[in-house]
Structures are given as structure tokens and as C-alpha cells.
Amino acid sequence: MASRPGILTDWPWKRLGSFKHVILVPWVIHNTYSFMVKDEKDLSGFLIFPVLLWRALHNQLWISLSRYRTAKGNNRIIDRGIEFDQVDRESSWDDQILFNGILLYVGSQTIPGASHLPMWRLDGVILTALIHMGPVEFLYYWLHRLLHHHYLYSRYHSHHHSSIVTEPITSVIHPFAEHISYFALFAIPMITTITTGTASATCIAGYLTYIDFMNNMGHCNFELIPKWLFTIFPPLKYLMYTPSFHSLHHTQFRTNYSLFMPIYDYIYGTMDTSSDTLYENSLRRPEEAPDVVHLTHLTTPDSIYHLRLGLAHMASTPQKSKWYLWLMWPVTMWTMMLTWIYGRTFVVERNRFHKLRLQTWTIPKYNVQYNLQWQKVSINALIEEAVLEAEEKGVKVLSLGLLNQGEDLNRYGQLYVQKYPRLKTKVVDGSSLAVAAVLNSIPKTATQVLHRGNISKVASAVVLNLCQRGIQVAVPSEDDYKKLKKSFGIRSDRNNLILSKSYSIKTWLVGDGVKEEDQKKAAEGTLFIPFSQFPPKKLRRDCFYHSIPAMAAPASLENVDSCENWLPRRVMSAWRVGGIVHALEGWDEHECGYTMSDIDKVWQASIQHGFKPLAVATHSKF
């Protein structure tokens, strides 16, 4: 929002929220019906909706590409990250597509000669290019300078400049009034070709695609225009800007005003003198070598949308199933095929914490594949490749997230340490901090807890520590009871471990494998505390559900603009935090296999570095 919002700041359909897209439905139905029923079919009018879909897809491809490249770090222009406020501010980027769509529909039905356009005319393409290079670029330059006058800037254009570090879609984040003026400019070539009878459907769609392409490219925060282009054709520097050129406009504000052609900045003396230097430095910038890597994987087929490389606004909220994602099943299937064909670990996120450079790598495998015996070899191969790549890049710590640390898969990561005994990169499963997070979630007044779920390294350690603290742990399953008792050895603490079929205890420790019928047996007001990486299904409205082992990230952790799976904003799983703390403390041992670091030491270290425990849910049930 601008610092002093002026009139026509908000979009007319703002109150419709996520239902805003219904405003196009009457136009789409009308044009489709006319095309299907009438004898004289208007193909150009029918193609308006596909063009709008293409524009949305085109913009999304730029968002994903930009986030991937800036996460890797090569050719990145500005080091600063973006935060949730920018993601929220830019979540309505499709408003301009809706606006343009309505105007295209209205224009095709009201402007003489705007309907029944031919598919192609070369003279119209040439005329569009000439008008854009002349009047459009010239008028935009002076409109842009006018928008930087303090009166208009404070009321309108400051909204766009709220994003210092730009993403491709930052290009269209403007108040409604600005978009009116921009469309009036970009309509000049289209209306001119229509009135001169040289317009074509391909020309109009191509011109809109060109505008989107150049807008997205100029705001992508990584340099991608090769230097040899300007070497082969030196005048090109006056006819085409670069991402670094426009990035300077967002950091310096009073230079580089041009739309796509810097020639007007050269003519009127507003060219930033550091443009060439920043361009060359950005091109030479190598890929960033991280200090800490968190290795995770895809979960469900639609989890691709929740990745930072996916749908930005969806990635900024905790992952949960949404009905409208079922409508996108063709895209979902295509992404699954793409990850299968690509078949390599990829970077999805970068963060900075003090002097540590953090990255998140994702293995292109889904939960269901981790449960298939015949997939374990290929999954282990991918994890091993990631460990060796981290070693080659000088990574200090690699933490294993989600199912990448399964006991049946790789013995909690011990497989790689045994295979490569000279590994300098420390492999960390974060189990000690996960145990500490669970123990510190137990209410202070609790004298009994009930354990339900699969026995794991974390589960065994939690139960053992509770018994050592004098808290009685009830286990309804005889098999689980025997496994836990065996893990205690000859400790006297096992006297606090009891086999009990009673479900009246109000504090439950739950993990993977907890059944729906188990939850139904719980007493009203029961507190469910997960010890697994995956949260239980929330079935009881009269009970309380705590988070999986996790901690709130300190404010000094930079570039946090997406949620880690199902966790809230700026909350990180204990397994991920464990790897970061391991690197911050410089501990020189692996934490994987059946070994575990000192729980109290790890907990205190995480608190000292600014990570905070999550409040136990005792007043909110969902």
C-alpha cells in the first residue's frame, strides 16, 4: 500500500477476495457460446481467454525460474532477501490480467474492426514495433518521472517501490489508477493497428507476451542477458534493458526510468553511472556455496505448489489440502512427470543467519515412494549424491528432513557416515533437539502421559527422559511396551513405563501410526503432542493439538518468505533447527544413526541463538 493512498488505489473487485475471477465468467461464456453457435465464428474473440491463461502461466514460470536462480545465487543482483509482507503485497498479481481481460472483451465487441481479426499480418507487427519504440516508450518515460513526483509517489507509485528486492511479478504490483494509465499507453499500438486495418490476433497476443516477458525479466533479480549480445550489436544497449539496469531504479529511485529501452535515460541524463559495473559484476557472480543444507523431499503430489518455487502465496501459508487443487490435476500430473524425468535434487530456498549461508535442497520423491521397498535404492542414491555434493561444496552441516532419515531407509543417516568415514560435512538428523522440543511441550503439571504411535529414535528417547524425570508413561500396545522396555536396558527408570489400556490420561504423545480409533478414545480436553515429523489428523474438536517438534525462528534469520510444510510462518522444524545450531556451535561430530547429542546442551544452545519454543495449545483447539 502507498504511504498516502490516493483515489482509485484499490481494485474494484477487492471485496470479492479469492472469488474475484468470477468477473470473467460472463464474458468467457458469452464468447464461447457465440463461437460455438454462430455461423460467422470470431476466432480472435474466442482466443482472448486462452491468451489470459497463457499470461498467467507465463508469469508463474518467471516466478519459479527467478526463485530457483536466486536461491542458487549465481548471477544474483541484490543479496537482500524478501519477507512475508512482500509476498502478501504481491499476491494479487493476477488482478492486472483480469483487468486487461475485461478491456479486451469490451474492446472486441465495441471497437469497429476489433472482432474477426485475421491470425497474422506482417504490416501490423511492424507498425506495433515502431509505435512501441516511439510514442509508448517516450510517453512511459515521462509518465514514470511524473509518478516519482512526491505528490503522486506518496499516493501511488510508492506501493510498487515498497519492494526493494524485486521478483518478476513485482513488475505489475501497482495501484488500480496506475494500471489504467499503463493500459492506456499499451493500447496505443493495438488501437492504431485496429483502426488502420492491420491488426491480427497473433500481433496483439504477441505484444502482450512481449510486455509480460520484458516486465518479468527486468524484475527477476538475477542477470541473464549474455554480454556477447551487446558485443555483437552495441546499439542494443539503448534498445533493451537488463535486470541489473532496472534493479538500480529500485535501489536508487531517481535513475533508470525507462520502460524497456534505456535510450531515453541516455537522452535525458538519468542513466545510472553504475549500470554497466553492476551488470558485469552480476554476470561474474558464481553460485553460492552454503554452510548448512537441509535435505527434504516432496510429500504429496500437490506439495509442489507449496514449495517456494511453486505458487508464492500458497507457499507462504501452512500446507493443507485445498479443494481447488483437484481442478489442477493435469498440471499436477505434469509436474510429477517433470520431477521423475529431472530426477535430481534441486535447490528451493536460501536463508542467511548471522554469517551462515543456509539452503534447502529437495529430493524429487513423494511420501508414497518412501514406503515402497523397490524405491529405497534410488532414494538412498539421491541422498548419497546430495551428501557428496555437500562435501564437495564445503558444506559444514547437512541435516536430514522428513523421511530422508528413516530407520529402514538408512538407519537415521548412519549408512552414509559408515560408507564415507572421512566425511567432513557433518550429517545431522536433529533428533536431540526434536526430543528436547517434545519434552519442553509437556505441561509442567503432568504426572502421566500416554504414548501412541510407531516406535522411533525420538520416541524412545522421549519416553526414557520422561521416565527419568519421574513421569509415568502408559503404553496401550504390548508390542510397543516390549520394544520400549528393551531399549531401556537394565535402567530402573523403566518402572515408570507401564502397560495400560486406559485412555483417560489427558496428555498424549502421538506419532506416525496413531489411528483414528485411538483419538476417538481420548478424553475430552486431551492434549495431543506429536513427536513425529508429520502431524496427526485433527479429528477431535474437543481436544487440543500441539505442533510437531518445532521452534520459532529469530528475527535475524533472513529471507524467510515461505512456510516449512505444515508449520506456521517463521516456524522451523526441530530437525532443521538442529542442523543450524550444530553449525553455529561448530560441533565436530555427526548426529545420526543410533547416537544422539546431549539433549539439554542442544536445547540451551538453540535458545541462546534466538530460537524460541512454541506455546502449548491450551485455549485454541484448531
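Trainee: Are H5 and H8 parallel, perpendicular or oblique to each other?

Mentor: This is a predicted model. Helix H5 (residues 95–110) and helix H8 (residues 176–195) pack at an angle of about 45°, with their axes 11 Å apart. Angles under 35 degrees count as roughly parallel and 65 to 115 as roughly perpendicular. The two helices are therefore oblique.

Trainee: How many residues of the contact of H5 with H8 are nonpolar, polar and charged?

Mentor: From H5 come Gln96, Phe99, Asn100 and Leu103, and they meet Phe176, His179, Ile180 and Phe183 of H8. The residues of this contact divide into five nonpolar, three polar and no charged.

Trainee: What is the geometry of the aromatic pair of phenylalanine 230 and tyrosine 279?

Mentor: The whole structure holds 28 aromatic pairs. In the pair of phenylalanine 230 and tyrosine 279, the ring centres are 5.7 Å apart and the planes stand at 90°. Planes over 60 degrees apart count as edge-to-face. This pair is therefore edge-to-face.

Trainee: How many residues apart in sequence are the parts that this pair ties together?

Mentor: Phenylalanine 230 belongs to helix H10 (residues 227–232). Tyrosine 279 belongs to helix H14 (residues 275–284), so the parts tied together are apart in sequence by 49 residues.

Trainee: How far apart are the end C-alpha atoms of residues 323–343?

Mentor: An unreviewed UniProt entry lists residues 180–208 and 323–343 under "transmembrane region". Residues 323–343 are 67% helix and 0% strand, and their end C-alpha atoms lie apart by 28 Å.

Conventions. Residues numbered from 1 in each chain as written. Predicted model: local features only at pLDDT ≥ 70, side-chain atom pairs only at ≥ 80, totals over all residues. Heavy atoms only, no water. UniProt positions renumbered as here; feature names shortened; annotations may be inferred. Helix = DSSP H or I, 4+ residues; strand = E, 2+ residues; numbered from the N terminus. Axes fitted to C-alpha atoms, helices over the stretch in contact; angles between N-to-C directions. Parallel < 35°, antiparallel > 145°, perpendicular 65-115°, else oblique. Contact = heavy atoms within 4.5 Å. Nonpolar A, V, L, I, M, F, W, Y, C, P; charged D, E, K, R; others polar. Phe/Tyr/Trp six-rings, centres within 6.5 Å; stacked < 30°, edge-to-face > 60°.
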